[in-house]
Amino acid sequence: MPDNEKDFDEEKKTDLSEDITENDDNLSADESQQSNENSVHLENNDNWEFEAQAPTLDDSAFLENDNFVIDKDEFDKTVKNVPAEHNQNVPQTADNQIVINRDSLKLVPVAVFTVLVLIALIVLGVRYYTVPNGKEGDLINPPSIAATIDGEKVSVGMYNYYYASVVNYYEQYAMYGYFDLDTTKSYEKQYTVDEDGNEITWAQFFQNEALREIELNYVYYTKGLKEGITLTQNQKDTIETQIESLKASASDQEMSLNDYISENFGEYCSEDTVRLMLEQYYIAVNYKGKFAIDYKPSNEEINEFFDENRNDYNQISFSYIATEYDATDDESKAQSQKVIDDYMDRITDRDSILAMVPEVYADYIQTDMETAMSSDSSLTEEEAREDAIANYQANIDSSITGASSPFSDEITQWLFSDDTEIGEKNYYVDEENSYAYIILKTEMASLDESDTYSVRHILIMPESDDETSDSSSYSSEEPKYTDEQWAAAEEKANSILDEFNSGDRSEYSFALLAELNSDDVASTSSGANGLYGGFYEGVPLGQMVSEFEDWSMDSSRKYGDTGMVKSTHGYHIMFFVDASPSYMAQLKNDMKTEKLNEMIENASVNLHDGVINKAIEKYNDAKSEAADSSTSNTVS
């Protein structure tokens, strides 16, 4: 398949809980009272313009506007009708007997509810129950709550941050042609498909993605809080760096920080929102990192999981050719099917596929020829053509595992089945991407038995002004350090190793030291790889420097072994975790991921649809206004 037609690798693909309980954003009286009791700080000066019905009231609202008056006499009468168990100060008769009119008893709960609502509104003000205050944590008010996840409140500002980030992510990649998304038009009128193949609007897709990301972070964040997990100093420093970066951007735009954040990430989103989001993210990362250390499945559990998912870990190589498939109408489908049938008849072995490449990929080859010749005038047309053909011929082979198969279940089962012999062929039609693949089986499925190892390490690099000594990239250029710099690095590494040995010598303790000290930020939460505690898992041979790899692959290694090796990058303090065949390393990682996903599936999620829908509506309105303004400026 041509490179420019390959599927985009969606980094953020994670299962969403299907058991989300959707709640109306109107809170009950008890919840309103609880919000009152739990609110420590109240804000009386709000400039929000958010229309909302008081969440403590039902559809037949008791209050039509902010102007209301309580009649003292009517108030006294109402209180006197409240039973003693609701009011210890109810006046009684001389013989301490209360005479109750049973006909009006059914009205008492309404009266009590009305009193409670009025008292709450007097104390807190109508705006507290009708207008989002844009606050976070203990300061948040009821109409600011977009969702509640495992008891943790998600503010409308936080929701806006995630929603805007998701939209920006897809807009950026749409510019490169990865998504069929027109960024100049309303997303409520453009359609895509969800994970189940259902057609939905892009606006709904963005909402689903935002809620999924929120749920992922909040579930692990709340679990981290329960386990007492906190931020490392490096993470605190990173948060401050991020905030300072935002301040600099705001200053460049001659805006206040909160105005800048609100304009870029949505209404009610502020510095407090961004800080909280970053804190939640890092605590979630720390929790998952600790979980990965604590989760040690037994051999029995591993064998059971393998038996249930054996086909996922088989790998297989095959040859194929890709052709365009037009599913516009029945006539187009029939014509595309004729091409497929023709190719199926002509393919007999791998060499026959090689021979068909110039014909099947003719248009792509012509484009590549023209591009090559325009960039290199010395190339002849024949040379450019030969190079282009060779490039496509080099890509007729592919290798997949059962779990990573891009084909349908039926074709995957056919390909991996022991009953399907080498040399048999089949085809798969991908109507969504308008391609068909004719597949030739060239080998039988087998497990990947190649050696891998898993270790944690703390890299201590000598201090130097040499820019080639970049720990995050492992530059191919060998950095140059003085003897004094090497000696200082060795002393620091020995000090850290001594600190570890004087403690409980646990893997978690080692991971914490890596988070605090390692110069290899790519293997810690400071990097962008989602790793934690200096962990490298399932590393195949040949990826690391020889000193690192030789220590890790020593046949005498057992779990918990530590040591120190020196490479051109610095001193590596090592902690051995495991050595296993490639398929087994992947299987163990999948078991861990499945357990983490179960936490998401079992999470308690309550969505306040009214708040979310209004937030999205305002976001879309703002986007439309910006687009109209841009168009107007262009015309003028």
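In the predicted model, Y453 has a relative accessibility of 0% and therefore counts as buried, and F548, at 1% relative accessibility, likewise counts as buried. The ring centres of Y453 and F548 lie 6.4 Å apart with their planes at 45°, so the pair is classed as tilted. This pair links distant parts of the chain, since Y453 belongs to strand β11 (residues 451-460) and F548 to helix α19 (residues 546-552), 95 residues apart.

The count of aromatic pairs comes to 38. Among them is the pair of F407 and Y428, which is edge-to-face, with 5.6 Å from centre to centre and 65° between the planes. F407 is located in the loop between β7 (397-401) and α16 (409-416), whereas Y428 is part of strand β8 (residues 425-430), so that the pair ties together parts 21 residues apart in sequence. Both F407 and Y428 are buried. Aromatic residues also gather in one cluster formed by Y169, Y170, Y173, Y178, F179, Y187, W202, F205 and F206.

The largest nonpolar core holds 72 residues, of which Y159, Y170, F206 and Y220 touch the most other members. When neighbours within four places in sequence are left aside, the contacts of Y220 are A284, Y287, K288, L596, N597, M599 and I600. Another core, of 38 residues, lies apart from the largest one and includes Y364, I389, I411 and I438.

Y364 is also one of the buried residues of helix α14, together with I365 and M369. Viewed down the axis of α14, these buried residues fall within an arc of 140°, so they line one face of the helix. The face turned away from this buried side carries the exposed residues D363 and S374. The elements covering its buried residues include β6 (314-324), α13 (350-360), α15 (381-393) and β9 (435-441).

T201 is placed in strand β5 (residues 199-201), and its relative accessible area of 18% makes T201 buried, given that the cut-off for burial is under 20%. A polar atom of the T201 side chain lies 3.0 Å from the backbone nitrogen of Q204. Residues up to four places away in sequence being excluded, T201 touches Y187, E188, Q190, Y191 and T192; of these, Y187 is also a member of the aromatic cluster described above.

Definitions and conventions
Residues numbered from 1 in each chain as written. Predicted model: local features only at pLDDT ≥ 70, side-chain atom pairs only at ≥ 80, totals over all residues. Heavy atoms only, no water. Helix = DSSP H or I, 4+ residues; strand = E, 2+ residues; numbered from the N terminus. Buried < 20%, exposed > 50% of the residue type's maximum accessible area, 1.4 Å probe, protein only. Polar contact = N/O pair within 3.5 Å; in protein donor to acceptor, adjacent residues only side chain to side chain. Contact = heavy atoms within 4.5 Å. Arc of directions from axis to C-beta. Core = buried A, V, L, I, M, F, W, Y, C linked by side-chain atoms within 4.5 Å. Phe/Tyr/Trp six-rings, centres within 6.5 Å; stacked < 30°, edge-to-face > 60°.
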